[in-house]
Amino acid sequence: MTDVTHDHASSTGISNVKLGMWAFLGSECLLFGGLISTYMLYRGRVTGGPRPSQIFDIPFTSVSSFILLMSSLTMVLAVSAAHKEDDRKINLWLTVTALLGATFVGGQVYEFTAFYKEGLGFSTSLFGSSFYTLTGFHGVHVTVGIIMLMSLVGILKRSKVPGKKAEVVEMIGLYWHFVDIVWIVIFTLVYLIPV
Amino acid sequence: MTTETAPSTHEKEHGMSDAGYIRIALILAAITALEVSTYYVDFGVLFLPALLIMMVVKFVMVVSYFMHLKFDNKVFSYLFYAGLALAVGVYIVFLSTFKFFLQ
């Protein structure tokens, strides 16, 4: 019978799981780089429908950005609790992170609905297409993160975590922080810099 | 014998305490407030450089402290920043071919 081990450390002393996650995040930079560049190129191409300055609600998006930023704090506190093996705090901080993420996604759904009502559809202009594609992709990433967080809370409650608990929490944390840093770039380049 | 001020295993491995993370979050929140203020206050010629610098500072702070890249094995830093540098390089060339920077 094969001996199943949950230790992911390799002969190099580096965790293979962590190495894989960082390689994945490095490749994600290329994905979002392409989407951000395309938006930057097309943001001024408005043949019909509203222009960015006519529809962006900076106070609203600023609050959303702040919420996502604070979810990074709660996530890192969950990772810290995982290293201290404090299960109660891990569950608490993971749940708070998921709730903050859900608030952000809710805000994005509200924003998309408001923009659509103001006349900006997906195919209205190149600006609309590139804006919805970029922010939509980011929203999907946040949603996947929320699903992972809530799944982890469920798995932790059943004590069926595959591998080291702290490492699993840390990997989901890395993904969550990545989603946050992508938004840091989007918030500045898309919302704060005028066309 | 351990004392209350002795760093935990997590702090030894990652170099940060929970209070340290909260301090970083407060700095990030303050920078975000400054970023938003550029929308309402006229910064003149400093507007664009200031915004881009604040964006980079926030990015690096989250990656270094919240993602522990500052305290982790350098291989992870090379992997991530190589991907980031490749993305930035490729898309600067991409945008240049469309004369984006001449607009």
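So, the two domains of chain B: their centres, taken over C-alpha atoms, are 21 Å apart. Domain 1 covers 8-72 and domain 2 covers 73-103, with bounds from an automatic or database domain assignment. Keep in mind that this is a predicted model, where local features need pLDDT of at least 70, side-chain atom pairs count only at pLDDT 80 or more, and totals for chains, interfaces and linings use all residues. Residues are numbered from 1 along each chain as its sequence is written, while chains are lettered from A in the order in which they are written.

Okay, the interface. 40 residues of chain B are in contact with 36 of chain A, contact being C-beta atoms, placed from the backbone, within 7 Å. On the chain B side, H4(B) gives the most, with 14 residues. Helices here are DSSP runs of H or I, at least four residues, numbered from the N terminus.

Now the largest nonpolar core, which has 66 residues. By that I mean buried Ala, Val, Leu, Ile, Met, Phe, Trp, Tyr and Cys joined through C-beta atoms within 7 Å; buried is 20 or more other C-beta atoms within 10 Å of a residue's own. H6(A) brings the largest share, 17 residues, and domain 1 and domain 2 of chain B each put in at least three.

Who has the most contacts inside this core? Ala78(A) and Val169(A). Leaving aside neighbours within four places in sequence, Val169(A) touches Ala78(A) itself, plus Val79(A), Ala82(A), Ile90(A) and Leu152(A).

How values were computed
Two residues are in contact if their C-beta atoms, placed from the backbone, lie within 7 Å. Helices (H or I, at least four residues) and strands (E, at least two) are DSSP runs, numbered from the N terminus. A residue is buried if 20 or more other C-beta atoms lie within 10 Å of its own, exposed if 12 or fewer, and partly exposed in between; C-beta atoms are placed from the backbone.
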